[in-house]
Each structure stands twice: as structure tokens, then as C-alpha cells.
Amino acid sequence: MTLYIRRESSKLWKRFWSEIATEIGLLAENWKYLLAGIICQYIHGLAAKGVHYIHRPGPTLQDLGYFLLPELGQERSYISETVFTSVFVSFFLWTFHPFILKSKKIYTVLIWCRVLAFLVACQFLRVITFYSTQLPGPNYHCREGSKVSTLPWPKSALEVLEINPHGVMYGCGDLIFSSHMIFTLVFVLTYQKYGTKRFIKLFGWLIAFVQSLLIIASRKHYTVDVVVAWYTVNLVVFCLDKKLPDRTTVLLPVISKERTKEENHKLLLNGNGVDPADWRPRAQVNGKIDSNGVHTDNSLNGA
């Protein structure tokens, strides 16, 4: 028993360091994309803070979702944030699962490059919409009489560049469309494509639907904010997914004509002992892959 544990621990340790080496190489190639995505998250935070300066409280607009769903109230508003945080943490941890698990291989760096591209595109559209028309915030802290419904004008340029640490919970004015739904739907759509567990995919869509109801019930957004997020995020991901090169899936060994059939068969079964020069991207696209592992469909630019 002790020998088995040691052997498995040794395999796990080797797999972990192998993944570290691979991901460091990918990070060296793609750090600019990750950095650009992170900077855009900062810019989106500044934009959300900026609209809070010009937000003016007013009567809550007539909303179908508010008629159908009772308000959670200030005491239970944490429920929506708890669900969202659980989704975020679960997805974040899943993107690192290849370091310890033998399931379908993905590359963490490339997955996050792809996710950030989806987020940035959706957030760019979101900033345009909530600056085009400012709606009176429906949340309790954005209503008339609240001291934080409008931020005081900044006293220095440095204050403008600071991100409000409470902006996620207590922002006002950045309504159409929901940022929480952007993240949730991007995560669910990404797992839908690269995940392996069918019940988790179904559970992810259920959680996204429940999250939508909780956002409305907690009065963080109007129903239109959630509805617009559902079709906008899905359309953006669908369009970008067709355009972005996809190298996030496993690299399989290319069959070499110089080897015997028995040797090639053993390599495919064991997945080791392959010359690094013989590894190529083998993502399936309409069943058309040439002998070099390159897609023959010229309409896609897979890298």
C-alpha cells in the first residue's frame, strides 16, 4: 500500500512539473494577450466607477421581473453574490485541473486568453450601452435618499484612476447589461466546449438561470439587463469562437510513416515516448485533418 502511494505521488509530482514547464512556455508566448485582458478589466472598472459619478437616483422603473419575483431585501442580498462567487471560484479552479488530473487536457494559459477575449468584447459593448442612457439604479443603495447613490466628484486625478473596492457590490448606473451575467455565461459556455462532464454542463446552465433570477430578486439589475446579457454574450462568444485560433485542446502524437504499425499503436495507447518534434495540434474540425495535423479547412485559422 505504501509503495502504491509513493508511486502515484511520484507520477502526480512529475505531471505537475511537466504542466508547469508547458504552461511557462505558453505564458512566454502569450503574456501580452493576458496582460491586455487584465488591463481591460481595470478599464472596465474605471468606466463603471465613472458612470456612478453621473448617476442620478429616481423612481424605480416598471419591471416585469419585479412583479413576479419578491425582493430579497438588504439582509439577503448576499445570496446572489455567494452564487456568483462560487461560479467564479469553481471555474478558476477547473482551468488548473490538468496540473493534477488525467482528464481531457487543456492549456490553462490559452483558456484564459480565450476567456479574457470574450469578456473584453462583452464589456466593451456594456460600457457603450450604460453610458448611452443612465437609468435610475433599482438597488437599495442607489435609490433616492441614499448617501452613496451618487459619488462625490473626485478631488484629484489620482482619485479618478483608483478602483472603488466596493464597486462590485455598491455601484450605481452601470446597468445595461449585467456584468455578473457576462462572467457567468462566458464561464458556462467555455466549460460547455472544453469540459468533459455532461452533468456539470447541465448544472452550469441551471446555475446561470438561477443566477439570473437572483440578480433580479436582489434588485441589482432590471430584468432587461439580464435578458440583454443572455443573447448578447451568447452571440459574442459564438462569433469570436469562429474567429479566434483554437490551440486549447490536447496535443496528440502524429503517426509517423517511418515507424511500424505496432510502434505507432503503442504510442497512441501510452501517450509517451514521442519525439517532441512529432507533436502537433490535433483539434478535430469537420473531420478534416491532414497528415501534418493541419486543418484543411481554409476558412479557419487554427494555430
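## Serine 179

Serine 179 lies in helix α7 of this predicted model. Its relative accessibility is 12%, so serine 179 counts as buried. Leaving aside residues up to four places away in sequence, serine 179 touches His44, Arg126 and His221.

## Helix α7 against helix α8

Helix α7 covers residues 179–194, and helix α8 covers residues 198–217. The two pack at an angle of about 170 degrees. Their axes are 9 Å apart. The angle makes α7 roughly antiparallel to α8, because the cut-off for that class is over 145 degrees.

Which residues of α7 meet α8? On the α7 side they are His180, Met181, Thr184, Leu185, Val188, Leu189, Tyr191 and Gln192. On the α8 side they are Ile200, Lys201, Gly204, Trp205, Ala208, Gln211, Ser212 and Ile215. By type, the residues of this contact divide into nine nonpolar, six polar and one charged.

## Aromatic pairs

The model holds 17 aromatic pairs. In one of them, the rings of phenylalanine 92 and phenylalanine 96 have centres 5.1 Å apart. Their planes stand at 50 degrees, so the pair is tilted. Phenylalanine 92 has a relative accessible area of 36% and is therefore partly exposed. Phenylalanine 96, at 33% relative accessibility, also counts as partly exposed.

Phenylalanine 183 and phenylalanine 187 form an edge-to-face pair. The centres are 6.0 Å apart, with 70 degrees between the planes. Both residues are buried. Phenylalanine 183 and phenylalanine 187 are four residues apart in helix α7, so about one helical turn separates them.

## The aromatic cluster

The residues of these two pairs belong to one aromatic cluster, which includes Phe92, Phe96, Phe183 and Phe187. Further members are Phe84, Phe88, Phe91, Trp94, Phe99, Trp112 and Tyr191. Tyr191 is also one of the α7 residues that meet α8.

## Helix α9

How many residues does helix α9 have? Helix α9 runs over residues 223–243 and has 21 residues. From first C-alpha to last, α9 reaches 31 Å. That is close to the 30 Å expected at 1.5 Å a residue.

The buried residues of α9 are Thr223, Asp225, Val226, Val228, Ala229, Thr232, Val233, Val236 and Val237. They pack against four helices: α2 (64–68), α4 (108–132), α7 and α8.

How values were computed. Residues are numbered from 1 along each chain as its sequence is written. This is a predicted model: local features need pLDDT of at least 70, side-chain atom pairs count only at pLDDT 80 or more; totals for chains, interfaces and linings use all residues. Side-chain values use heavy atoms; hydrogens and water are left out. Axes are lines fitted to C-alpha atoms, for helices over the stretch in contact, and angles run from 0 to 180 degrees between N-to-C directions. Angles under 35 degrees count as roughly parallel, over 145 as roughly antiparallel, 65 to 115 as roughly perpendicular and the rest as oblique. Contact means heavy atoms within 4.5 Å. Ala, Val, Leu, Ile, Met, Phe, Trp, Tyr, Cys and Pro count as nonpolar, Asp, Glu, Lys and Arg as charged, and the others, Gly among them, as polar. The expected span of a helix is 1.5 Å times one less than its number of residues. Buried means under 20% relative accessible area, exposed over 50%, partly exposed in between (1.4 Å probe, protein chains only). Rings of Phe, Tyr and Trp (its six-membered ring) pair if their centres lie within 6.5 Å; planes under 30 degrees apart count as stacked, over 60 as edge-to-face and the rest as tilted.
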